[in-house]
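Welcome! Let us walk through this structure together, one element at a time.

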Amino acid sequence: MEKEFTHFDERGNAIMVDVSGKDETSRTAVATGAIIVNEDIISAIRGNTMKKGDVLGVARVAGIMAVKQTASLIPMCHTLLINKCTVDFEIESENCLIRTYCTVKCDGKTGVEMEALTGATVTLLTIYDMCKAVSKEMVLTDVHLVSKTGGKSGDFKFGENASE
């Protein structure tokens, strides 16, 4: 099935999609990403000894703030009233990896995938910023949408919708 491009008008100009005729539904999106660091950084984060402060606490707040600013960063995103946003972490000490999960919920006419992806990415960038004095050899990786619910296109789970 060929998908229609809706971010362009009949002359090929970029436009914001008109969602005025869409029904408002409950929508949720979860995005994830990871940052690979070194043992010193993992140790400092676990021990809360990083000179700039509580790395994961600040990164969590930065991710939530980013979610609320997505429409200011991504040109064709609609401004959404966010009902809830959470940012969670998993630390894999043996792999020197910190994974974040950003979950965003709203009731609206368009989805919150971009908000979740923006939140996860800014969370990782904040970890980088707060840890770069220890080492700049960090890698942001594996940022992707895990799942989404609501809307006309239905539910999505990463790995289960290969044709999309």
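A word on angles comes before anything else: axes are lines fitted to C-alpha atoms, for helices over the stretch in contact, and angles run from 0 to 180 degrees between N-to-C directions. Contact here means heavy atoms within 4.5 Å. Helices (H or I, at least four residues) and strands (E, at least two) are DSSP runs, numbered from the N terminus. With that in hand, look at α2, which lies across β2 and β3 and runs at about 145° to β2.

Please keep in mind that this is a predicted model, in which local features need pLDDT of at least 70 and side-chain atom pairs count only at pLDDT 80 or more, while totals for chains, interfaces and linings use all residues. Residues are numbered from 1 along each chain as its sequence is written, and side-chain values use heavy atoms, with hydrogens and water left out.

Now to the sheet. Strands of a sheet pair through backbone hydrogen bonds, either parallel or antiparallel. Here five strands make an open sheet in the order β2-β3-β1-β4-β5, with antiparallel pairing. Because β2 and β5 (156–157) stand at the edges, each with a single partner strand, one side of each is left without a neighbour in the sheet. Two strands count as paired if DSSP finds at least two bridges between them.

Follow β1 (residues 25–36) next: eight bridges join this strand to β4 (residues 139–149) in the antiparallel sense. Ala31 stands opposite Leu145 in β4, and Ile36 has Val139 as its bridge partner there. On to β5, which runs antiparallel to β4 and is joined to it by two bridges. Lys148 has Phe156 of β5 as its bridge partner. β4 and β5 form a hairpin with six residues between them, and Gly150 in the turn has a positive phi of about 90°.

Finally, which residues of α1 are buried? In this helix (residues 39–47), they are Ile41, Ile42, Ala44 and Ile45, where buried means under 20% relative accessible area and exposed over 50%, with partly exposed in between (1.4 Å probe, protein chains only). These residues sit on the same side of α1 because they cover an arc of only 165° around the axis, the arc being that of the directions from the helix axis to the C-beta atoms. The face turned away from the buried side carries the exposed Glu39, Asp40 and Arg46. The buried residues of α1 pack against α2 (55–68), β2 (82–92), β3 (97–108) and α4 (113–131).
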